[in-house]
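Good morning, colleagues. Please look at the sequence and the structure as I bring them up.

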Amino acid sequence: YEVEYENEKVQIKKITDNGTFDIAAPMPAFTQILYGYEHITTQNAPYMPGVVLQTDAKDFFRAFPKRNNGLFEHF
């Protein structure tokens with residue numbers, strides 16, 4: 001998906017599978033980034049299992065900074 005933010009407006013559109021992207025992440029990694037579980041940056045994100053960066057994705061990581069929260073996995 002391509003997501004654009006501007007003045008509180010969000011535009012989301014699906015792109016083709018062969019389109020370029022900033023970041024690809026499996027759901028566990030995406031959840032950790034989205035909820036700010038750790039301080040994820042362009043430097044350390046590629047070390048997360050399954051994460052692929054094709055650009056520096058600075059805007060993406062700026063949108064999801066580290067937050068104080070409780071993200072827990074239960075077994």
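By a salt bridge I mean a side-chain nitrogen of Lys or Arg within 4 Å of a carboxyl oxygen of Asp or Glu. What we have here is a predicted model. A search of the whole structure returns 3 salt bridges.

I begin with Arg-62, whose partner is Asp-59; their closest N and O atoms are 3.0 Å apart. How are these two residues placed in helix H2? They are 3 residues apart in that helix, which spans residues 58–63, so about one helical turn separates Arg-62 from Asp-59. Both Arg-62 and Asp-59 are exposed.

Next, please turn to Glu-2 and Lys-13, whose side chains form a salt bridge with an N to O distance of 3.6 Å. Which parts of the chain does this pair tie together? Glu-2 belongs to strand E1, residues 2–6, and Lys-13 to strand E2, residues 9–13; the pair therefore links parts that lie 11 residues apart in sequence. Glu-2 has a relative accessibility of 31% and counts as partly exposed. Lys-13, at 47%, is likewise classed as partly exposed.

The remaining pair to discuss is Asp-56 with Lys-58, where the side chains meet in a salt bridge at 4.0 Å, N to O.

Thank you for your attention.

Notes. Residues are numbered from 1 along each chain as its sequence is written. This is a predicted model: local features need pLDDT of at least 70, side-chain atom pairs count only at pLDDT 80 or more; totals for chains, interfaces and linings use all residues. Side-chain values use heavy atoms; hydrogens and water are left out. Helices (H or I, at least four residues) and strands (E, at least two) are DSSP runs, numbered from the N terminus. Buried means under 20% relative accessible area, exposed over 50%, partly exposed in between (1.4 Å probe, protein chains only).
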